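Please keep the sequence and the model in view while reading.

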Amino acid sequence: MNHRNGRITTRTCVICRERRQRSDLLRIVRTPEGKIEFDRTGRMDGRGAYVCGDGDHWGAKLLDGRLDRGRLKNALNIEIDDSTVMLLSEAINSHINE
Ligand SMILES: [Zn+2]
């Protein structure tokens with residue numbers, strides 16, 4: 001749990017708009033090179049967006065296109081293509097299952 005000035009650090013999930021503790025969220029980053037990557041450490045350079053780690057935001061739903069990919073796109077201000085979604089899903093799923 002992260003505390004700063006005695007308060008819990010919270011962030012908003014860009015997909016479902018829920019405010020949660022920083023530690024419950026995953027960070028997706030648009031790197032300075034313009035790539036979309038899953039930020040395992042939470043400390044990568046670039047513009048970040050947060051999504052729930054335990055939500056139905058990843059995996060099959062995302063690949064089916066049922067998920068509103070547009071929200072992640074808007075948050076990072078970049079197009080997100082199928083192969084990027086695939087790579088993100090794989091990285092996140094392997095992280096969650098570790
Ligand atoms: Zn969420």
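Two strands count as paired if DSSP finds at least two bridges between them. Helices (H or I, at least four residues) and strands (E, at least two) are DSSP runs, numbered from the N terminus. The model is predicted: local features need pLDDT of at least 70 and side-chain atom pairs count only at pLDDT 80 or more, while totals for chains, interfaces and linings use all residues. Residue numbers start from 1 along each chain as its sequence is written.

**Overall layout**

The chain has 3 helices and 7 strands, and along the sequence they follow the pattern β-β-β-β-β-β-β-α-α-α. Two residues are in contact if their C-beta atoms, placed from the backbone, lie within 7 Å. Of the contacts with a separation of 6 or more, 50% join residues 24 or more positions apart.

**The sheet**

An open sheet is formed by 3 strands in the order S6-S5-S7, with antiparallel pairing. S6 (36-39) and S7 (47-52) stand at the edges with a single partner strand each, so one side of each has no neighbour in the sheet. On average, neighbouring strands are turned by 30° against each other, direction ignored; axes are lines fitted to C-alpha atoms, for helices over the stretch in contact, and angles run from 0 to 180 degrees between N-to-C directions.

S5 (residues 25-30) pairs with S6 over 4 bridges in the antiparallel sense. The two strands form a hairpin with 5 residues between them, and Gly34 in the turn has a positive phi of about 85°. Two positions in S5 and their partners in S6 are listed here.

| Residue | Opposite residue in S6 |
|---|---|
| Arg30 | Ile36 |

**Helices on the sheet**

Helix H3 (residues 82-96) lies across S5 and S6 and runs at about 10° to S6.

**Buried residues and core**

A residue is buried if 20 or more other C-beta atoms lie within 10 Å of its own, exposed if 12 or fewer, and partly exposed in between. Buried residues are 19% of the 98 residues in the chain. A nonpolar core is a set of buried Ala, Val, Leu, Ile, Met, Phe, Trp, Tyr and Cys residues joined through C-beta atoms within 7 Å. The largest such core has 15 residues, and those touching the most other members are Cys13, Val14, Leu26, Ile28, Ala49, Tyr50 and Val51. S5, S6, S7 and H3 each give two or more residues to this core. Leaving out residues up to four places away in sequence, Cys13 touches Glu18, Arg20, Leu25, Tyr50, Val51 and Cys52.
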